[in-house]
Amino acid sequence: MSINPETGGFPLRIEGIGSSGDGIAHHDDQTVFVPGALPGEDVRVRMSGRDVELIHIEKPSPDRVAPPCSLFGKCGGCSLQHLSLPAVLDWKTSRVVHALNDAGFEDLPDPLRFQTVPYTRRRMDFAVQRVPGGVVIGLHQRNGDPVDMTECHVLHPDLFALLTPLREVLSSLGSLTGRGSMIVNLLDSGPDLTFSTPAQLTSVDRTKLAAFAKAHGIPRISWQDPKSGGIETVAHSAAIRLRFADADTAPPPAAFLQATKDAEQAISAAVVGGIPPLNRKDIIVELFAGCGTLTFPLAEKGRVLAYEGNETATATLKAASGGRRVDAYGRDLGRQPLLPQDLKTARAVVLDPPYIGAGPQMVPLARSAVKDIVYVSCNPGALVKDTRALKAAGYSVLSWTVVDQFLWSTEVEAVVVFTRDAKRLKRESSRRSRIDLSHSD
Ligand SMILES: C[S@@+](CC[C@H](N)C(=O)[O-])C[C@H]1O[C@@H](n2cnc3c(N)ncnc32)[C@H](O)[C@@H]1O
């Protein structure tokens, strides 16, 4: 039976946005998630079991905009293209505020905020799927097949331009028998591709990939065995290069990168700016250092002892640290966290943990004598869990920066500077009140 959208279904008032980008409302004491609805909107929805469908917007939000991409809602990527970018940043900021409040930090200073621009994403993890007559390259979907990425408003144009020729070469590979995957990183040396295919690469496949690399000026193509996880190089024609501050690094295939170059610089500036004044010999301990995104900028302030769990990333760090004030160590900080005595000489600690957070590292860190800690978060949920220990140990938030580098997604990064140095806190608060006074003139 058809339904009149203007009178049918249930009326709901949308109160907020959930962590996956759906509108949140309440109906009969139940929380209802309404895909596509925005806070403040009056909508009508059709509900069937747990499925909720937005059928009419009676009062649209002033922040509602037309989604720029024709694949919005289909490709499994952006979930907030119907919200203006300034409103997206406000919502992401509120996620970090809630996280810090939940961890016990109230009365926060105003944050600095950074939002990346479209067409700058330099890392993407694709699903590649053989279909009748060719190959689809799209995002991994929670349920279902990838949708071919024929348009994208976040991906860097140099990477987007590769998708058409990639479809062609991938469809000619004998080893792509069903669904595989492909991580594409845009380094200073050019695109760096890492594939995985269900079957082993044949020698014909290797020849085709090497020819593809040559034709498109791709310095390296690698293949990852889906069973063992081992990665081998298929084509390597030029040096791999990615610069952090004054250091040229050579990241391994599929290396972690901050999603956009400008956001990397914003995060790096917030981290370095969060370090108190130091002598160049003073020690900064950096945890979860990756290939050195923050390590080398930090080395301009002091001597950095950088810890990282991934073997190839640690090797990259070690190779680039020669002649600099950087000592790189391989260490699984989940199994073997640094203890308070390991942090005795540290003047400041910087940590940039993975999505799940720093886990067992937090309690010994909070028990150490370190006064200044800069925490880089990519997950507000982990930020809450991790920083409760800092609140209990007497730290306050000195400053914080919100970084929106996954445009139109629900992801948000934050750099939070914690201190228990009362003088530093006082100096910062008088600096802020001077700025307030000068603005009120
Ligand atoms: C969010 S990334 C940050 C990397 C780096 N700071 C950057 O900005 O490029 C998190 C890093 O933590 C590392 N990591 C994850 N689990 C770890 C563990 N248990 N011990 C040490 N490092 C770990 C990952 O390999 C990754 O390099």
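Over residues 12-46 the chain is 54% strand and 0% helix. UniProt, in an unreviewed entry, places the feature "domain: TRAM" at residues 12-46. Keep in mind that this is a predicted model. The protein chain averages a pLDDT of 95, and 98% of the residues score at least 70. For the complex, the predictor gives an ipTM of 0.99 and a pTM of 0.95.

Look at the strands next. Three of them make an open sheet in the order β2-β3-β4, and their pairing is antiparallel. The edge strands are β2 (16-17) and β4 (30-34), each of which pairs on one side only. Strand β3 covers residues 23-27. Five bridges join β3 to β4, and the two run antiparallel. To see one of these pairings, find H27: its bridge partner in β4 is Q30.

Now move along to strand β5 (residues 42-48) and strand β6 (residues 51-59). How many bridges join β5 to β6? There are seven, and the two strands run antiparallel. Together β5 and β6 form a hairpin, with two residues between them. G49 sits in that turn and has a positive phi of about 60°.

A helix comes next. Helix α3 spans residues 203-215, which makes 13 residues. From its first C-alpha to its last it reaches 18 Å, close to the 18 Å expected at 1.5 Å a residue. Which residues of α3 are buried? They are D205, L209, F212 and A213. Seen down the axis of α3, the buried residues fall within an arc of 100°, so they line one face of the helix. The face turned away from this buried side carries exposed residues: S203, V204, T207, A211, K214 and A215. What covers the buried residues of α3? The cover includes α2 (157-171), β12 (220-224) and β13 (231-236). Just after α3, G217 takes a positive phi of about 60°.

Turn to C378. The UniProt annotation "active site", from an unreviewed entry, covers this residue. C378 lies in the loop between β20 (372-377) and α8 (380-392). Is C378 buried or exposed? A residue is buried if 20 or more other C-beta atoms lie within 10 Å of its own. C378 has 21 C-beta neighbours inside 10 Å, so C378 counts as buried. Leaving aside neighbours within four places in sequence, C378 is in contact with Y355, E411 and E413.

Finish with V397, in strand β21 (residues 396-404). V397 has 22 C-beta neighbours inside 10 Å, and therefore counts as buried. Which residues does V397 touch? Not counting residues up to four places away in sequence, V397 touches L100, F105, L108, P109, V416 and F418. Now compare sequence with space. V397 and E106 are 291 residues apart along the chain, yet their C-alpha atoms are separated by 8.9 Å.

Methods. Residues are numbered from 1 along each chain as its sequence is written. This is a predicted model: local features need pLDDT of at least 70, side-chain atom pairs count only at pLDDT 80 or more; totals for chains, interfaces and linings use all residues. Two strands pair if DSSP finds at least two bridges between them. Helices (H or I, at least four residues) and strands (E, at least two) are DSSP runs, numbered from the N terminus. The expected span of a helix is 1.5 Å times one less than its number of residues. A residue is buried if 20 or more other C-beta atoms lie within 10 Å of its own, exposed if 12 or fewer, and partly exposed in between; C-beta atoms are placed from the backbone. The arc is that of the directions from the helix axis to the C-beta atoms. Two residues are in contact if their C-beta atoms, placed from the backbone, lie within 7 Å. UniProt positions are given in the numbering used here, feature names are shortened, and annotations may be inferred rather than shown by experiment. pLDDT is the predictor's confidence in each residue, from 0 to 100.
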